[in-house]
Amino acid sequence: MSTRYHYSFSVPFHSLAFLVCFIIVHASPVAADKPTELVDKVCNQTSNYTFCVEALYSDSRAPDADSYTLAFISFGLAYSNANNTRDYYIAELLKNTSGQDYHFRLETCSHDYLRAVSKLGEAYNDLNSETFFGLAELAGIASRASDHCQDAFEGISSPPLVSRNGDLKRLCEIGATIAKLFTGSS
């Protein structure tokens, strides 16, 4: 019988530490010379292999992770990204924006990211209770929240959240891919 570790999840989930780690990982080459077979299997099923490997290996547990721990890593990263984007990045943009239309678009994104945080927190709680069947759906809802935020800036020449929306979408894709390992769906 294997021992399962339950991880606590409180808000905020080391948002600033995640941001620093994520920036360091993005600024450096792939964190592992050769990813584990499991990481390789997961990342080969995503749209951006390099992003996937770098994101997962930004957590020190990745080299020894089983699918359960890898799920905690991926959903934790997605949650931290969404929470940090909403609570710090969007909040700062809202404070420094005077245009009503632009402010409305940012408020839309703030609500979208609140939904993403909520769904990713729910996924994390499901992992703690070893309930796996809804994980891919919850990751999909969080991913669609980033799409909706991006759509809110349609027609704007330099939308402010392109990179963050893309990162959240890719992190959710990793979580959904790992979730499928538990359910056998593809």
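1. Helix H3 (residues 49-56) is largely enclosed by the rest of the structure, because 6 of its 8 residues are buried. Buried here means under 20% relative accessible area, with a 1.4 Å probe and protein chains only. The buried ones are Phe-51, Cys-52, Val-53, Glu-54, Ala-55 and Leu-56. Helices are DSSP runs of H or I, at least four residues, numbered from the N terminus.

2. A word on the source: this is a predicted model, where local features need pLDDT of at least 70 and side-chain atom pairs count only at pLDDT 80 or more, while totals for chains, interfaces and linings use all residues. Residues are numbered from 1 along each chain as its sequence is written, and side-chain values use heavy atoms, leaving out hydrogens and water.

3. Now look at Arg-105, which sits in helix H5 (residues 100-128). Arg-105 counts as buried because its relative accessibility is 15%. Its side chain makes a polar contact of 2.9 Å with that of Asp-101 (N or O atoms within 3.5 Å, one able to donate a hydrogen and the other to accept it). Beyond its neighbours within four places in sequence, Arg-105 is in contact (heavy atoms within 4.5 Å) with Ala-152, Phe-153, Glu-154 and Ile-156.

4. Finally, helix H4 (residues 67-95) packs with H5 at an angle of about 155 degrees, their axes 9 Å apart. That makes H4 roughly antiparallel to H5, a label for angles over 145 degrees.

Technical notes: Helix = DSSP H or I, 4+ residues; strand = E, 2+ residues; numbered from the N terminus. Buried < 20%, exposed > 50% of the residue type's maximum accessible area, 1.4 Å probe, protein only. Axes fitted to C-alpha atoms, helices over the stretch in contact; angles between N-to-C directions. Parallel < 35°, antiparallel > 145°, perpendicular 65-115°, else oblique.
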